[in-house]
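Work through the exercises below with the sequence and the structure in view. Try each task before reading its solution.

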Amino acid sequence: RFGLKVTLAAMASKSQELIQQLLQAEKQAEEIIANAKKNRLTKLRQAKEKAEEELKEFREKEEAKFQKEMGAKAGADPAEALKASTKVEVDNVQKDYMKNKAQTVLYVVNKVLEVQIGLTDTQKQALTTGAV
């Protein structure tokens with residue numbers, strides 16, 4: 001019986017030791033999880049700051065590009081551009097006129113001078129029936 005008490009006491013001691021190990025392991029796991037959460041939040045914050053910095057740089061670059069383009073357009077005279085393109089179009093029409101003038105005059109003269117001497121079948125039929 002004494003041996004049994006010693007064995008039970010040793011087992012209880014061993015059991016107590018195992019429980020302490022489990023509690024210690026649980027505490028370490030909680031610390032690891034807390035550290036992981038803290039590291040995750042730190043990394044997210046850093047990523048957000050970096051993204052905001054990149055976005056700020058991008059906006060500044062795009063704004064400068066926009067201002068540059070607007071400055072160039074503000075200096076340009078739209079009426080002058082319209083005047084130049086209108087002149088090009090008028091010149092093109094003038095070239096077409098000069099190129100086709102002779103052919104058109106010849107075509108119109110030929111059509112005016114081309115006179116049919118005979119009557120069509122419909123006109124002959126109208127004359128024979130007395131409809132005219």
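This is a predicted model: local features need pLDDT of at least 70, side-chain atom pairs count only at pLDDT 80 or more; totals for chains, interfaces and linings use all residues.

Residues are numbered from 1 along each chain as its sequence is written, and side-chain values use heavy atoms, with hydrogens and water left out.

**Exercise 1. Confidence**

Find the helix with the highest mean confidence in the protein chain.

Solution. Start with pLDDT, the predictor's confidence in each residue, from 0 to 100. The protein chain has a mean of 88, and 92% of its residues reach 70 or more. Next, take the helices, which are DSSP runs (H or I, at least four residues) numbered from the N terminus. Helix α1 (residues 2–75) has the lowest confidence, at a mean of 89, and α2 has the highest, at 91.

**Exercise 2. The course of α2**

Describe the span of α2 and locate its kink.

Solution. Count first: α2 has 36 residues.

**Exercise 3. A salt bridge**

Identify the partner of D91 in a salt bridge.

Solution. Apply the rule: a side-chain nitrogen of Lys or Arg within 4 Å of a carboxyl oxygen of Asp or Glu. The count comes to one salt bridge. K87 is the partner, at 3.4 Å, N to O. K87 and D91 are four residues apart in helix α2, so about one helical turn separates them. Finally, check exposure (buried under 20% relative accessible area, exposed over 50%, partly exposed in between; 1.4 Å probe, protein chains only). K87 is exposed at 52%; D91 is partly exposed at 34%.

**Exercise 4. Helix α3**

Decide whether α3 is largely in the open or buried.

Solution. Take residues 121–129, the nine residues of α3. The number buried is zero, so α3 lies largely in the open. Then move on to G130, which follows α3 and has a positive phi, near 80°.

Methods. Helices (H or I, at least four residues) and strands (E, at least two) are DSSP runs, numbered from the N terminus. The expected span of a helix is 1.5 Å times one less than its number of residues. The bend at a residue is the angle between axes fitted to the seven residues ending there and the seven starting there.
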